[in-house]
Amino acid sequence: MSRPLVLVLGDQLCLELASLHDLPDDAVVALCEVAAESTYVPHHPQKIALILAAMRHFAAELRDRGYRVHYSALDDPDNAQALVAEAERLAALHGCDEIRAVRPGEWRLWQAMKEREAAALPWRLLEDDRFYSTPDDFAAWAAGRKSLRLEYFYREQRRRTGLLMEGDAPAGGKWNYDHDNREPLPANLAVPEPPRHGRDAITEAVLALVAEHFGEHFGTLDGFHWPVTRRQALVDLRHFLDQLLPGFGRYQDAISDDEPFLFHSRLAAALNLGLLSPRELCEGAEREYIEGRAPLNAVEGFIRQILGWREYVRGLYWTRMPHYKRGNILGADQALPACFWNGDTELRCLRRAIEMTRDNAYAHHIQRLMVTGNFALLCDVAPEALGDWYLAVYADACEWVELPNVLGMVLHADGGLMGSKPYCASGRYIDRMSDHCRHCRFDPKQVTGERACPLNSLYWHFLERHAETLSSNPRMKLIYGSLGRMADEKRAAIRDQADRFLTALPRTTAWHAEAAGQRALHLAGYAPEPTPREETP
Ligand code: FAD
Ligand code: DLZ
């Protein structure tokens, strides 16, 4: 009988985790805080605090339930400060003869673990069964298909699970109620406040630790109110089902100048960490529909995000990596705009999305896709630079879900595998869906001139620049028709306006991996304090 060390990662905080089943009495369960995971991209301090506080609470719960737990704290003097090295150190320390781990959330770590399957101290890797489907299920669904569109995958998932099904037919007669989910916010609509969770001594200690070690990362800690235990996450889930779900559908695409959360659930972070399961979210929402407390368009919209999109992007990620990450069909090669790190931009929509991100480690889907994402797309930001930013700044960010959203949805870098056309938009879209333009110095109706919204000229310039790749796309025929009918002088003026904007746009070298690695080594006591990052104008 082997004596395993079970490594539980920061996003696997769930008692039903596959590696925690049927353990021998002398098994050691290890949770390891390591600097490398906090610094390989400069995670938002709220994200680091959330993960470390949730890990510490989960370790306490495991101990209460009788597990033998080794917890490596970030400032333990012997901490190897990297996950694989620390797990191997602990296995040797406790005389374990194998290390068990469930598939992590990133290919880089999965690969590092797989390379050690046949080592003297072997790693045994288990599938993560916290999802409705596994990567193998996705591969089987995708095999031989010409198109991997979400809609087909989603229908299959509905049939398999029976969620929102009436016999063989979808509830209400339609699979998808997206058409009813595109309303802007009416003036003076009251949006319920999110729950505030009390901070116990564990959470306070983590907040102090994070402020000390990672205080210079982008983002504030002041507004921290993420759920760090399953009990707190269940409070958030109940709040969503009671207060927000009925309005979730209608206002799913709306953007507000002052309300960061609207009717979104804010549950992705707890879900990705393992504090909640996708089943309890989907079944909870379905119950609200069946019992007449929430409309079908809202419930279907919510279930589609989890049963559909979330599972679909995970399948794409695990079946396409590692070459997937190199996708860049539009050849985008520019550095990240500096305003992504400092919010210093006159575009009101962009500024508010970045400020909300800084304050909350959160922006809702439409801000990620149609504000920061659209701006990055129009400015040709390189996929890697943009991906690192999204991975760093959101409390819910994990590569398996962030990367397909960045590559496929935002940048169209996968050549249309995920979306049949890029989600590029002009200032008129922002004006229709938000109240930002009322507070902005630019006019969304003007395309050229001093007051013209930069998104307008950037939009046409983007279409012109990528005409060779995009103009034959049937879904873009109409817009390329409009571009083709534009007078030459107007096109030249737009090109000139966009060129001037792009030339003057401050870009950043961002926080690169080298500096992050340096910081990890410093924390481990191997290197001097790295110099703060420099931004190039
Ligand atoms: P809600 O709006 O309440 O949606 C409900 C749930 O549906 C979410 O909690 C989430 O689990 C799921 N969901 C919704 N949209 C998507 C989607 N496009 N892909 C996968 N799941 C989805 N989501 C992450 O969980 N982690 C990420 O790292 C992440 N990165 C993103 C990067 C970009 C560029 C974009 C455009 C989207 C990204 N998303 C990511 C998807 C989505 O924006 C977030 O899940 C959502 O904003 C989280 O807030 P919420 O919990 O309030 O979601
Ligand atoms: C994101 C993160 C951070 C900031 N810190 C830790 C940590 O100290 N220990 C840990 O086990 N996990 C952490 N994580 C989450 C990991 O990055 C996550 O487990 C990914 O799946 C890595 O592939």
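These are my notebook entries on a predicted model, taken element by element.

**Conventions.** I number residues from 1 along each chain as its sequence is written, and chains are lettered from A and ligands numbered from 1 in the order in which they are written. In this predicted model local features need pLDDT of at least 70, side-chain atom pairs count only at pLDDT 80 or more, and totals for chains, interfaces and linings use all residues, while side-chain values use heavy atoms, with hydrogens and water left out.

**Entry: strand β2.** I began with strand β2, residues 28-32; helices (H or I, at least four residues) and strands (E, at least two) are DSSP runs numbered from the N terminus. I found 5 of its 5 residues buried, where buried means under 20% relative accessible area, exposed over 50% and partly exposed in between, with a 1.4 Å probe and protein chains only. One side of β2 carries Val-28, Ala-30 and Cys-32, the other Val-29 and Leu-31, and both faces are covered.

I then looked up the pairing, which requires that DSSP find at least two bridges between two strands. β2 runs parallel to strand β1 (residues 4-7) over 3 bridges, and parallel to strand β3 (residues 69-72) over 4 bridges. Ala-30 is the bridge partner of Leu-7, and Ala-30 also stands opposite His-70 in β3.

**Entry: helix α2.** I checked the length of helix α2, residues 45-64. Its 20 residues reach 29 Å from first C-alpha to last, close to the 28 Å expected at 1.5 Å a residue; the expected span is 1.5 Å times one less than the number of residues. I count 15 of the 20 residues of α2 as buried. Gly-66 follows α2 and has a positive phi, near 95 degrees.

**Entry: ligand 1.** Which residues come closest to ligand 1? I noted His-264, Ser-265, Arg-266, Asn-272 and Tyr-362, out of 30 residues that surround ligand 1; a residue is near if one of its heavy atoms lies within 4 Å. Helices α9 (268-273), α11 (296-320), α14 (365-378) and α16 (399-410) each supply at least two residues of this shell.

A backbone N or O atom of Ala-268 is 2.9 Å from an oxygen atom of ligand 1. A polar backbone atom of Asp-396 is 3.0 Å from a nitrogen atom of the ligand, and a polar side-chain atom of Asn-405 is 2.9 Å from a nitrogen atom of ligand 1. Taken alone, ligand 1 exposes 820 Å², and the protein buries 99% of that; accessible areas come from the Shrake-Rupley method with a 1.4 Å probe, and for residues only the protein chains shown count as cover.

**Entry: ligand 2.** I found 18 residues around ligand 2, with Asp-11, Cys-32, Val-34, Glu-37 and Gly-105 nearest. Cys-32 is a residue I had already listed in β2. Oxygen atoms of ligand 2 lie 3.0 Å from a backbone N or O atom of Gly-10, 2.5 Å from a polar side-chain atom of Glu-37 and 2.8 Å from a polar backbone atom of Gly-105. The protein covers 97% of the 480 Å² of accessible area that ligand 2 has on its own.

**Entry: loops.** I looked at His-217, in the loop between α7 (201-214) and α8 (230-248). His-217 counts as buried because its relative accessible area is 3%. A polar atom of the His-217 side chain is 2.7 Å from the backbone oxygen of His-43.

Pro-322 lies in the loop between α11 and α12 (339-342), and the peptide bond from Met-321 to Pro-322 is cis, with omega near 5 degrees.

Gln-81, in the loop between β3 and α3 (83-93), has phi near 65 degrees and is buried at 4% relative accessible area. Asp-380, in the loop between α14 and α15 (383-393), has phi of about 60 degrees and is buried at 14%.

**Entry: Ile-494.** Is Ile-494 buried or exposed? At 3% relative accessibility, Ile-494 is buried. Beyond its neighbours within four places in sequence, Ile-494 is in contact (heavy atoms within 4.5 Å) with Val-447, Thr-448, Ser-457, Trp-460 and Met-486.

Note on methods
Polar contact = N/O pair within 3.5 Å; in protein donor to acceptor, adjacent residues only side chain to side chain.
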